[in-house]
Amino acid sequence: MTELGAEDLVGGVPSLGSPNVPTLAPEGGEVQVLASGWRLATREFLSNRLAVVGLGILVFFVLACFLGPLFYHTNQTISNPLVTDGAPGATHLLGTDDNGFDELGRIMAGGQTALEIGFFAALMATVIGTLYGALAGLVGGIVDGVLMRLVDILLSIPLLFIVLVLATRYSATVLSQSLIIGLFSWLVPSRLVRGEVLTLRVRDFVVAARIMGSSQRRLIVRHLIPNALSVVIVNITFLIADSILLIAYLGFLGFGLTFPTASWGDMLGNAQQAVESGYWWLVYPVGICLVLVVMACNLVGDALRDAFDVRLRRR
Amino acid sequence: MTGYIVRRCIAAVIIALGVAAVVYLLLNFTGGSPAAAALGNHYNKITAALWNKQHGYDKPLVVQIVDYVWNAIHLNFGYSYKQGQSVAALLNEDAGRTAYLSGAALVLALLIAMPLGIAQAVKRNSIGDYVATGVAFTLYSMPAFFLGLILIQFLALDLHVFPAFVGDNVTTTWQAVTHPLEMALPIVTLAALTVASFSRYMRSSALDALAQDYIRLARAKGLRERAVLTRHLLRNASLPMITLVGLSIPGLLAGNIITESLFNYPGLGLLFYDALQNLDYPILLAYTLIGGILTVTGNLIADIAVAVADPRIRLD
Amino acid sequence: MDRWGAANGLMRARRRLLGAAVVAAGVALLSLAGSAGAQSSSSPPGLFGSLPTAGTASTGGTISVGFLTGSTPLTIFPITADTDASVYTSFSFQYDFFVPLYNGPEGATQEIDYAVSVGKKPTFSDNNQTVTIPLNTNYKWSNGQPVDANDLVFDIDLIKAAVKENPANFSSYTPGLFPADITRISATSKYTVVIHLSKPLNPNFFLNDELESEAAIVPLPSTAWNVDSAGGAHLDYTNPANAKKIYDYLNKLGTSVATFGSNPLWKIADGPFVLKTFNTTNSSWTATPNPDFGGSPKPAYSELEGLTFTSQTAMLNALKSGALDISSPLDPTYAPQASTLRAAGDSVYAYPDLGFFDAIFNFKDTTNHFNSIISQLYARQALAYLEDQAAYVKGIYKGAAVAAYGPVPSVPRTPFTPSDAINPPYPYNPSKAVALLKSHGWNVVPGAQTTCTKPGSGAGECGAGIPKGTPFKFVWVYIPASEAPVAPLTSEAFASEAKAAVGINVVLSQKTFNFAFANYNDAAPAGAKYVNDWGVNDFGGFTDDYWPTTNSIFNTGGTYNQGAYHDATLDQLVHNSVFGNSASAVTAEASYLAKAVPALFMPNNDLIIAVNNKVGGPAASFLALTAYQDLPQYWYIKK
Amino acid sequence: MTGMGTTGVLEVTNLSTQIRLSRSVVEAVGNVDFAIGAGETLGLVGESGCGKSMTGLSLIRLLPNGGHIVGGSIKLRGLELVDLAEDDLRAVRGNEIAIIFQDSQSSLNPTMPIGRQVAEPVRLHRGVSKSEARERALEVLELVGLPHPRERLDDFPHQLSGGLRQRVMIAIALACEPKVLVADEPTTALDVTIQAQILALLDDLEERLGMATLLITHDMGVVAGRTDRINVMYAGRIVETAKTERIFAGMRHPYTQALLGSIPSLDQDRSKALYTIPGLPPDLAPPPPGCRFAARCPRATEQCQVEEPPLTGEDADHLFACWHPVDGPVERSVTIPHATATNGRAEGDRLLQVNGAVREFPVTAGVILRRQVDSVKAVSGISVEVGSGETLGLVGESGCGKTTLGKLVVGAEKPDAGTVELAGKRVFDLRRGALRRARRDLQMMFQDPYSSLDPRMRVHAILREPLQIQRVGTRREQDEKITNVMREVGLPLTALERYPHEFSGGQRQRIGLARALMLDPQVIVADEPVSALDVSIRSQILNLMRRLQVERGTASIVISHDLAVVRYLSDRIGVMYLGKLVELGSSDDVYHHPAHPYTEALIAAIPVPDPTVEKHKGAVAIRGDLPSPRNPPSGCRFRTRCPRAQELCAQVEPLLRPFGPGHVAACHFPLQEPVGTAEPEAAHGSAG
């Protein structure tokens with residue numbers, strides 16, 4: 001800053017306070033070239049080693065479950081009672097299950113459904129929860145009170161119970177299980193979003209938009225939803241994990257998917273007996289897959305939360 | 001404070017009534033028939049009509065709900081034909097055992113989670129922190145039945161450290177208390193469900209508290225680190241845990257279903273599990289209703305406890 | 001036929017096990033888990049595993065029997081109401097203390113064993129309208145009174161009072177039959193009772209299905225129990241008003257689980273044991289030998305114990321650890337554990353109960369014209385040809401089941417088992433199924449969808465009411481594994497075969513037993529609402545009485561005719577079994593049904609029993625367990 | 001360094017402290033020397049991030065995670081603390097060296113009674129019994145002026161006001177009669193009136209107890225009157241040190257000069273621009289070579305860029321680290337073009353009129369249906385007006401309702417009673433389109449630069465938003481407008497594609513101002529526009545606002561707790577107290593001839609960056625705390641803290657009375673005689 005030069009084109013107003021030295025820079029100073037928010041978030045995420053491991057696990061399982069069957073062809077539709085419960089061997093790397101299906105192929109197929117149900121259920125819960133929570137948070141007053149008491153009521157009933165009862169009525173397909181789980185797990189996201197909306201509603205930038213004359217719709221679409229989104233996105237990963245666990249419990253309690261589809265949970269439905277019968281290959285591999293994927297979702301969600309925090313925390 | 005409690009109690013009652021109505025509707029909606037469930041293989045048109053009339057299931061749904069709630073208020077939850085006893089008696093019998101199992105699991109979870117969470121916060125990003133985090137996530141991600149199964153297989157059947165199930169010598173609550181060896185695996189399994197989330201929560205709560213200036217000031221006073229943690233950190237970091245414990249009740253109730261059926265422990269969860277298989281309506285209703293009430297009162301108690309423990313909160 | 005087996009709890013235990021053996025006459029059988037014969041000379045055909053060895057009896061000791069929660073005794077008073085009857089253990093529990101008029105089985109053969117019955121073989125006269133029942137004279141009550149004709153009359157009078165009050169009070173009640181068919185009952189001598197019937201009944205039917213039945217006739221202590229309050233006056237029970245009061249009183253106490261162990265009434269027993277304690281918390285109980293027991297043998301050990309378990313696994317674990325001696329019947333998925341149990345020194349054996357499992361057709365399901373299709377015998381035959389029961393038994397039941405082709409199973413045998421039960425009329429043969437369909441105008445596309453190409457009711461055409469292009473496709477409802485462990489697997493195997501081999505699309509749908517039974521049932525109150533939601537309901541099955549008629553199951557209008565099967569020939573055959581005079585009527589009925597395929601008959605699964613090796617006894621006493629009967633007086637602790 | 005004649009109680013030599021972060025190492029404190037003698041107060045002054053707090057924490061080795069002392073020596077009466085064993089050091093902490101933090105809210109354990117918190121170090125270091133410790137706690141609390149200490153021993157921190165909490169924290173520090181007291185920004189979180197009380201207390205105590213005090217602050221005014229000696233820190237280094245009077249009169253380092261010059265003083269000439277320091281302090285991971293101030297220094301030469309100046313001076317008593325030292329305070333010479341000391345307002349020019357505005361926030365209770373149980377009386381009947389091109393300043397302590405009043409003006413809050421009129425129109429009675437168009441003319445600039453910009457929008461979108469909402473212009477015209485405004489507020493166009501988090505606080509305030517300007521409003525409300533900013537940045541923004549005032553002639557309302565800021569920006573000033581306007585008049589009138597005792601006290605409480613003035617200030621004018629706005633005092637709301645209050649004040653609420661042209665005040669016993677009689681309309685303060 002020792003040299004004099006042409007006035008900067010943009011910030012060409014000489015700095016009033018330092019008359020001795022006309023500056024090249026605009027009065028407000030240059031903008032530091034920083035990593036973008038997303039890159040910061042990515043960096044924070046990647047610095048969490050557990051999360052990277054989790055992400056790796058997720059990617060691995062998604063690839064293995066959805067692409068694996070293209071390379072590892074197995075019969076997963078025609079039950080064959082004559083080759084049931086076979087031990088692992090050369091033809092069946094992880095043995096066969098009680099339908100005579102190849103267990104490894106079954107794990108891939110079961111992983112597909114588990115991931116699909118988890119994802120669809122989470123997505124649905126998120127959409128419903130976001131709209132519901134945003135409505136309650138924005139309208140406030142008595143509407144908010146009534147809506148949130150309803151949430152309280154539903155939250156007081158164990159989700160497992162509701163889903164179990166419904167599962168006795170509806171035959172379980174990927175779609176119906178996603179629907180049932182999704183339709184009843186939006187409660188937590190709705191509370192989260194409501195809380196977020198209540199906080200955002202009084203943030204200065206929202207006040208500023210109102211002062212400019214912004215319509216309610218614009219406030220929601222341009223400010224509230226984008227800002228509440230990170231909370232929602234983080235919650236999706238947890239919802240996926242919870243949904244996969246929930247269908248595992250359903251499977252254990254005997255309300256699995258309809259043949260020939262199966263999710264990991266259904267495959268574990270007879271775990272106790274399989275172990276006692278000595279069919280360990282029907283229990284531990286799929287159990288470990290389930291735990292790993294659920295854990296990976298949780299790890300990723302946890303790290304995403306931290307990462308998003310960092311992105312907004314930076315001041 | 002009294003006014004607050006009264007208002008919260010009224011809210012709790014409203015929520016409980018709502019729960020009753022929702023559950024009743026839900027069960028009705030599933031299309032099962034209480035008559036079929038009660039009559040079993042003797043169910044047919046003649047017996048069903050008779051049974052429905054006798055038990056009021058031929059009335060309009062709204063009347064049934066009102067009747068049910070009215071009776072429930074008088075602690076009459078109906079009669080289980082599958083079990084040949086009034087539901088109230090069944091619940092009464094099993095409640096103590098379930099309370100002990102859940103209570104012991106909860107206490108165990110807290111006893112592990114709180115010191116662990118604090119230790120993790122103090123030694124954050126150390127190897128120990130990572131290991132504890134990994135274990136917590138693994139437990140958190142494991143279906144309870146899978147964990148129970150592994151515990152049974154290895155600790156009971158292979159190593160013979162604990163019995164694989166709760167034996168016939170444990171039938172009363174007191175016997176459960178006096179047979180720690182038999183209760184070890186069920187309690188551990190149930191505790192594992194919550195210990196993971198508790199310790200994660202405790203860790204972040206302790207991290208928040210550690211960042212507060214009063215911790216710095218306590219150190220500046222010359223207090224030993226241990227005294228800083230016990231006198232200044234523990235109470236403040238534990239406050240959010242009270243709420244969490246209140247919120248964990250539905251999860252514990254669900255966990256009981258799994259744990260009790262896995263370990264042959266005659267409690268409410270098992271009662272519910274059997275009832276579900278049989279669509280034993282009165283039990284399903286009562287269990288869920290009581291679960292709802294427990295949840296609501298649990299949250300209520302938690303709120304009051306927080307207010308008692310945290311001088312900043314005034315209930316009015 | 002009022003003994004109807006597939007209760008929920010029962011169903012779970014009943015479905016799927018497998019047995020070893022049996023097969024068609026003259027053909028060799030598969031013997032699964034080793035040879036049973038070496039240990040016991042009375043080892044019957046089709047036994048899975050091996051019965052406990054007889055050993056030498058010692059005196060003293062405790063023998064414990066396992067129960068599952070939800071299947072623990074609910075009533076001790078031996079007039080059992082509908083709502084309690086679904087818990088089968090109530091009966092064997094009652095019979096430990098009160099000897100029935102007629103009881104069975106006789107070893108592996110399903111018939112009355114007069115050695116464990118109060119009654120002797122009755123005689124029929126007067127065009128089968130008069131029944132004379134002589135009683136054994138050796139039984140007596142704990143209060144010293146002999147068990148005599150009055151005690152039988154007392155019981156039947158109470159049953160009448162109970163039924164009059166509410167038909168549901170007596171689970172063996174069948175409209176129009178017992179006890180409504182009794183016009184008069186009298187004790188003609190101290191040990192003879194004569195019953196007059198309102199209409200002629202087939203003697204075999206009356207003896208085997210009415211006097212010996214699920215809720216049997218049990219003589220009751222008429223001099224002690226004829227009261228309507230504790231310490232109340234002894235009443236004349238032949239007066240119906242008094243009988244009602246007595247019944248109400250006893251029934252109330254008899255279902256009061258909390259007082260089972262303490263009520264002095266129940267200590268007045270004529271059976272081998274007397275109830276000592278009953279723990280209401282978990283329904284475990286203890287009983288001690290009845291010193292006044294008049295039958296033989298008399299129990300040699302000092303205590304019989306009932307223990308409750310929350311799961312079959314828990315029960316097995318207890319057995320392995322020596323905490324339990326005799327398991328309750330386990331379902332077939334436990335078959336693979338037989339070897340570990342044996343290694344632990346326990347005996348494991350399995351044998352089927354008398355009864356059948358069937359996946360019923362819904363003859364009212366109009367979806368895809370299934371009602372019209374299934375009305376065609378050829379279509380039902382084709383489906384029967386697709387059942388690879390041998391493979392199911394081997395791969396799914398792990399040997400713990402026996403193939404079955406009609407309402408009377410091949411195993412266990414009854415005196416009335418028809419040859420069709422042993423020689424399957426439609427053995428597994430997919431190509432025959434294809435041929436049948438092709439010859440009736442169907443375009444068979446294996447692996448895809450078979451459709452009707454030649455509508456019409458003539459020869460070589462699909463049949464009446466089946467338009468061109470109708471797909472052979474229907475919904476198959478089955479029960480989840482938690483309730484019927486192998487039901488999903490057989491259903492899935494069948495569906496796979498049907499699609500792959502014949503192009504019949506079986507749409508699987510899982511429903512809980514209660515839901516399926518209450519709604520997918522043309523005979524149920526709610527049935528009409530769901531009539532088009534299901535084509536086949538593989539809900540479970542029925543247990544047979546010793547005279548295995550399918551009255552009320554397949555006859556038109558039968559209370560349990562869930563698929564609305566209608567066949568005039570069958571209706572006549574059933575009528576013969578119930579009201580006719582022929583001693584082989586039921587054989588003809590069963591034989592006809594095996595060929596008519598009113599439902600898809602499924603393998604008859606074994607009930608697996610595990611017994612601690614320290615327990616010994618005659619083979620029959622252990623085989624009885626697979627028929628849900630306890631004969632605990634025969635057991636003992638081996639030296 | 002041995003600059004001091006006396007032997008210090010605390011001697012710090014060549015102290016260096018680093019903080020290790022995950023990817024870098026920050027040199028927070030570098031080669032710092034100082035000594036403090038008994039009874040002496042050393043001021044450590046600098047902007048945030050300069051290392052002054054780290055220096056204080058280094059003394060008792062209580063650095064944040066990753067922080068550690070890498071070199072130097074800290075001697076407490078000869079005892080070396082740098083390598084002292086942790087156990088022995090604990091005996092020093094709280095006992096011989098005590099510390100006071102800035103935020104009493106978070107520094108006191110919320111779940112422990114204050115009596116125990118004060119007694120804790122006594123028990124620890126004195127080994128006394130519980131009851132003895134309690135007695136000692138009582139003694140100390142009395143010493144720090146906590147009213148009724150015996151009754152309050154069992155109170156929890158939240159039951160005390162901020163000022164009282166700060167007294168409790170001081171009591172904790174003094175409980176063991178330490179030799180050294182480190183006061184880290186002890187008054188920054190407090191209102192000026194309370195700040196004055198606390199500073200006076202500290203002054204009094206250190207004299208009575210003979211402690212060596214290290215007073216850490218960013219506020220030159222605070223150090224001016226309270227210290228014997230001042231160290232100025234910049235980027236981890238001490239850049240200048242001298243006795244207090246000497247440094248104020250003859251500073252040699254350009255940074256010291258700039259720091260002092262950039263603060264608007266109460267008698268600031270409004271036609272002159274403030275001195276500013278361009279740019280931002282350097283990143284210390286790692287620190288730049290050469291003089292760390294070089295990048296922002298107007299006198300910097302090439303030598304400064306490469307060679308670090310040593311801390312030397314003509315005599316040992318005044319040291320500075322500069323190759324090109326200055327001599328004495330800066331002369332303010334730059335005149336803002338066209339600016340005059342005050343803008344006259346034409347008679348009857350009532351661009352914006354607020355009439356009898358009332359706003360009360362309900363306090364609700366209840367679980368299901370919330371019902372109102374009480375209300376916070378934020379604004380209780382205020383009438384003001386603003387003429388075109390005029391700037392009205394609003395001052396008052398926090399909680400006086402000034403921000404609410406600002407929000408009422410722009411329609412972010414609705415008044416419960418009263419009206420807001422723009423050019424005679426009741427704008428917020430309008431509906432839909434008309435209301436939206438009317439909103440163009442009333443825009444706001446916010447206090448918190450972090451919360452006022454949507455973190456998910458780029459600057460371009462943020463600036464375009466008002467135009468989009470108001471449907472102004474084509475896309476092209478909008479872009480043109482954005483470019484122009486960016487130029488006006490002094491930001492490069494490259495900033496348009498960036499997200500708010502990439503900017504410094506000052507830059508964000510510029511963006512916030514730019515957004516407010518986009519619609520060319522007639523009135524801008526600026527709510528505490530600079531209070532979240534560092535001193536050097538503050539003057540940049542103030543200059544910018546002043547320049548835009550002059551260039552655009554936009555009317556504005558400036559809200560601040562800082563009378564100096566308000567005075568610099570405003571033509572007229574309104575003083576608020578607990579929801580009431582207590583005095584209104586031209587800047588000069590209010591400052592030079594206040595009529596209301598509150599105004600006078602407020603002015604007196606402001607620390608002046610001039611040791612001669614500050615050291616001769618009299619006793620603190622206002623005692624006690626602000627009463628709760630849920631339940632304000634009857635009559636005159638100020639009466640509970642007013643030295644002139646009499647019975648009348650509790651019974652009758654004083655009306656605004658004229659004290660000169662456009663000068664009104666509401667007081668029964670004013671500091672000067674009113675002219676004329678009370679008339680409600682006087683609230684409109686017509687200038688004529």
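**View 1. Burial and helices in chain A of the predicted model.** Of the 315 residues in chain A, 58% are buried (under 20% relative accessible area; exposed is over 50% and partly exposed in between, with a 1.4 Å probe and protein chains only). Chain A has twelve helices and zero strands (DSSP runs numbered from the N terminus: H or I of at least four residues for helices, E of at least two for strands). Among contacts in chain A with a separation of 6 or more, 70% link residues 24 or more positions apart (contact: heavy atoms within 4.5 Å).

This is a predicted model, in which local features need pLDDT of at least 70, side-chain atom pairs count only at pLDDT 80 or more, and totals for chains, interfaces and linings use all residues. Residues are numbered from 1 along each chain as its sequence is written, chains are lettered from A and ligands numbered from 1 in the order written, and side-chain values use heavy atoms, without hydrogens and water.

**View 2. Leu63(A) in helix 2 of chain A.** Helix 2 covers residues 49-71 and includes Leu63(A). Leu63(A) counts as partly exposed because its relative accessibility is 44%.

**View 3. Strands 18 and 19 of chain D.** Strand 18 spans residues 442-445 and is covered on both faces. Leu442(D) and Met444(D) are buried on one side, Gln443(D) and Met445(D) on the other. Strand 18 runs parallel to strand 19 (residues 523-527), and four bridges join them (strands pair if DSSP finds at least two bridges between them). Gln443(D) has Ile524(D) in strand 19 as its bridge partner.
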